[in-house]
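The sequence and structure come first.

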Amino acid sequence: MSETAKTVVIEAFGGPEVLQLRDLPVGDPGPGELRIRHHACGLNFIDVYQRTGLYPLALPHALGMEAAGVVEAVGEGVTHLKPGDRAAYAAAPPGAYTEARVMPAAQVCPLPDEISFDQAAAMMLKGLTVDYLFHRTTPLSRGDTVLFHAAAGGVGLIACQWAKSEGITLIGTAGSDEKCALAKAHGAIHVINYRTENFTDRVRELTGGKGVDVVMDSIGADTFEGSLDCLKPLGMMISFGNASGPVPPISIGILGQKGSLKITRPTLFTHIADHAACQAMARRLFGKVTGGEVKIRIDQRFPLDRVADAHRALEARQTTGSTILEL
């Protein structure tokens, strides 16, 4: 095909100003690939990490990890999707900030009719992240207690609802009373404004001094040490993001001193690398949404040519829920 698509690319790492909108050729899918025309794209913190170079890319490179649309063509060997199918994904390589693209098909998922393209673009990366946090990282049972940082963000609001649906007590932190109220309205049992309260002291108070079973932390540097002190003995620290900067190196011995703690640093893309696992995770996520247990909240919408403004809002922590780029 000689068709082109408006696509957001970077030629250098840096601030939102490095984001450029280009007309790039789309092409035809090869074996194991498909071509998809997007209706909406998602915005995530990993996009910021890639733009700044925290997660380096070979330059120049398109950005974006999440989108939803309609399959236009499939290459040899692709059997789970066909032209005309509604589909959504969170997947590598980056390049979702575009009108249309050719990409590997394995992590693109058939989208139920009950879920809109906007909802899907707002939830794939975030919802699949919540799935692996609650189902694939450490055993969690009804009655367990989880501390979840950034509980009013896109991942956080899904996590609040997910925890409630499975009988897990979620203590959420956020940076304002308004965000705390939002997290509570979505299922957090307790909320902590980390700007006005010491979250470690408050967690200890809420748990009668015992601490929580699991901490799920996407903030990184600012919350890491305090999070360790929120865990009960043998508790699990899941560090899955760096919104405030990467966690500095630690001495592994500190885990023993603080109660034989466990720690992991997972990424979604390890969990969805296997086609069958990815599709099963997506079906579980879709079931939560179509069953009404999880509602997807889209609080910000930007046209594709204002992607820099979207990045600025996300980095300034001015967003709640999910943000999408409209096409």
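## The crossing of H2 and H3

The model is predicted. In it, helices H2 and H3 cross in the right-handed sense. H2 covers residues 117-135 and H3 covers residues 154-165. Their axes lie 9 Å apart, and the packing angle is about 45°. Angles under 35 degrees would count as roughly parallel and those from 65 to 115 as roughly perpendicular, so H2 and H3 are oblique to each other.

On the H2 side, the contact is made by Met123, Lys126, Gly127, Thr129, Val130, Asp131, Phe134 and His135. H3 contributes Gly154, Val155, Ile158, Ala159, Trp162 and Ala163. Of the residues in this contact between H2 and H3, eight are nonpolar, four are polar and two are charged.

## Strand S16 and its cover

Strand S16 spans residues 322-326. Is this strand mostly covered or mostly open? Four of its five residues are buried, which leaves S16 mostly covered.

## The partners of S16

S16 pairs with strand S3, residues 33-42, in the antiparallel sense, and three bridges link the two. Within this pairing, cysteine 41 has leucine 325 of S16 as its bridge partner.

S16 also pairs with strand S15, residues 298-303. Here the strands run parallel and are joined by five bridges.

Notes. Residues numbered from 1 in each chain as written. Predicted model: local features only at pLDDT ≥ 70, side-chain atom pairs only at ≥ 80, totals over all residues. Heavy atoms only, no water. Axes fitted to C-alpha atoms, helices over the stretch in contact; angles between N-to-C directions. Parallel < 35°, antiparallel > 145°, perpendicular 65-115°, else oblique. Left-handed = near helix turned anticlockwise from the far one by under 90°. Contact = heavy atoms within 4.5 Å. Nonpolar A, V, L, I, M, F, W, Y, C, P; charged D, E, K, R; others polar. Buried < 20%, exposed > 50% of the residue type's maximum accessible area, 1.4 Å probe, protein only. Pairing = 2+ DSSP bridges.
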